[in-house]
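Hi,

Here is the structure I promised to pass on. Have a look at it first, and then read my notes below.

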Amino acid sequence: MPFGLTMLVFISILILFGVGQNILDRMRLSDKSAILFMLAIFIGGILPDIPIGNRFSINIGGAIVPFILVVYLYVKAGTKKEKVRSILASVLAGIAVFLVGRLMPSEPENIVVDPNYIYGIVSGLVGYLIARSRRASFIAGVMGIILADIGQGVENVIMNIPSPVRLGGGGALDAIVISGLLAVILSEFIGEFRERLQGGTEKKRLRFNHGEFAEELQPNLDSEERNEEADDEDEE
Amino acid sequence: MRMKSKGWFMGIIILLLTVFIMSNYAIADDWYEDELGYYTIKGEEGDILGLMGREIFVDDEYITENNRYYRISSIDKDNRIAIATYIDDIELPEIEEVAINGSTCAVDTLSVVAPNEDAHVLIYCTHSDESYVPSDGTPSIVGSGGILDVAQSFNDALKSQGVNVQIDKTCHAPHDAGAYRRSRNTAIRLIKTKQPVAALFDVHRDAVPKEQYDINLAGQPATRVRIVIGRRNQNRQANQELAYKIKAVADKTYPGLIKDIYIGKGMYNQELSPRSLLFEIGTYENNKEAAQTSAKFLADVVSKSLFGGTIKSVEKPTKEYKTTPITYEKSKGQSKGILWLVVILAIGIVGYMFISSGGRELKAKILGSRKDGDNNK
């Protein structure tokens, strides 16, 4: 491939890596672990898929690493409420993705948003509306696609459709990864937009502690401002 | 508690709305069932430019067989008519004519690509169920559509020309919006395992009346070929350059084989690799055998467009042409592609900054940082 086209491919990958790392960084991950997870997704994505029976296979970077990240974020979720919401959002996102895949037109130009992104947007929307946090949106974004793919696999077996199910087969470019990242971007944008519309955060009087808005504070100017700052950061 | 129930309520409303809206779309997409399902593209004077078994949008671009470049300016959805405004005549790459030195034959199998050319041509079929009614008896066969036979002919003809070619006949059924997501994994797997990549082709057949695609080439019944390019990705220019080269070579050697080029709103997995194209080889009303003949001719054109060589015209008197490998040609595609990526990234960042900082919040941030200084961190 000529140098220019190689650069085009290289820069595309670099931008995806940079954007991905920054998005993971917005959740409860340190800079280092965000880079490590993105590296694991990219390197794992290049490795061959692991076959599970005749019709199923799973890719390390495209499905296993995002799933590990989901489990990590789930375990680290601050409250029981957030955990329950994450599960509900994932199941609903899975149903929504499955239905959208089935009922939307088959040609990409007929869909307002390209199929690659529509799943991320659908699961991200469901995730954000139900779970209201970046972590839960990511969980719903990733699990929505995984559950919808498993659902398709079950249908294939029942209906005798010879299509294989390759979970995360696209590696770093798979809908699972794109959907998870897109869900976080979406929750970030909606959250910021909503906050701007209402003229600031609703959580001015809450203390930001261990990645959560916890107990109420006495109204006091300094702490209010500090909390606004904390709200922008949401999690470290 | 109130917020929780509100979130639930909104989630369910969004879900129901999505299902409702998308189910309406689904009905509109059943082209095979609906003979009037296709669009007619007309020029501003009312002249018919072509039929399209795809949804058309304003700003889509259309290049006719005689290289006239149009942009869709308005759409009458009820009557399925798209009006296209003439923009310009496009200039295809020059193909050098050389002195004739041999007998005529339809496919110039003697002129194989250079043996050190190790780049791969990759082929797959997103709509692996698509079939040809006169030969297959139905427009769709899950698991073994007639399109797979046409793609196989394309693959075999490329192979006979010395091209490193790899076909993947994975089934992507059902034929729904998920098909492109499933075929995306197939394309990525091909790209991953067959480096370096010369080109990536997704083989389809169209869904318009056969008159649009019928043609006789080299005395054989064949079908025309439409090239479809997605306009929403960073590889668009590089893909378009390859499409122009293929059309330039085909126009000289297999006149009429390349029917037209449509540059539509979808992405068609073409963001995965530069030089990715979608071919519509014939339509569901054509004979599969005619489409297979065209696939062989197309392979001749594609191999010479990518890797260079000599190629003979099927029209009499026979002429011979020399093509240069596309690798050695000047290309603007990559710089435009990189610029496209950077612009998209910049829009995203600026958009986010605009939403997240502004008015009171921005003021509070500035004042807050002045007051608290580094203690805030």
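**A glycine in chain A, a sheet in chain B**

Gly141(A) sits in helix H6 of chain A, which covers residues 134-159. Helices here are DSSP runs of H or I with at least four residues, strands are runs of E with at least two, and both are numbered from the N terminus. Before we go on: this is a predicted model, where local features need pLDDT of at least 70, side-chain atom pairs count only at pLDDT 80 or more, and totals for chains, interfaces and linings use all residues. Residues are numbered from 1 along each chain as its sequence is written, while chains are lettered from A and ligands numbered from 1 in the order in which they are written.

Is Gly141(A) buried or exposed? Buried: 38 other C-beta atoms lie within 10 Å (20 or more count as buried, 12 or fewer as exposed, in between as partly exposed, with C-beta atoms placed from the backbone). Its contacts beyond four places in sequence include Gly120(A), Ser179(A) and Ala183(A); contact means C-beta atoms, placed from the backbone, within 7 Å.

Now for chain B. It has an open sheet of 3 strands in the order S6-S16-S15, with antiparallel pairing (strands pair if DSSP finds at least two bridges between them). Strands S6 (96-98) and S15 (309-312) of chain B are at the edges with a single partner strand each, so each has one side without a neighbour in the sheet. S15(B) is joined to S16(B) (residues 320-323) by 4 bridges, and one bridge pairs Lys312(B) with Glu320(B).

Cheers

Methods. Contact = placed C-beta atoms within 7 Å.
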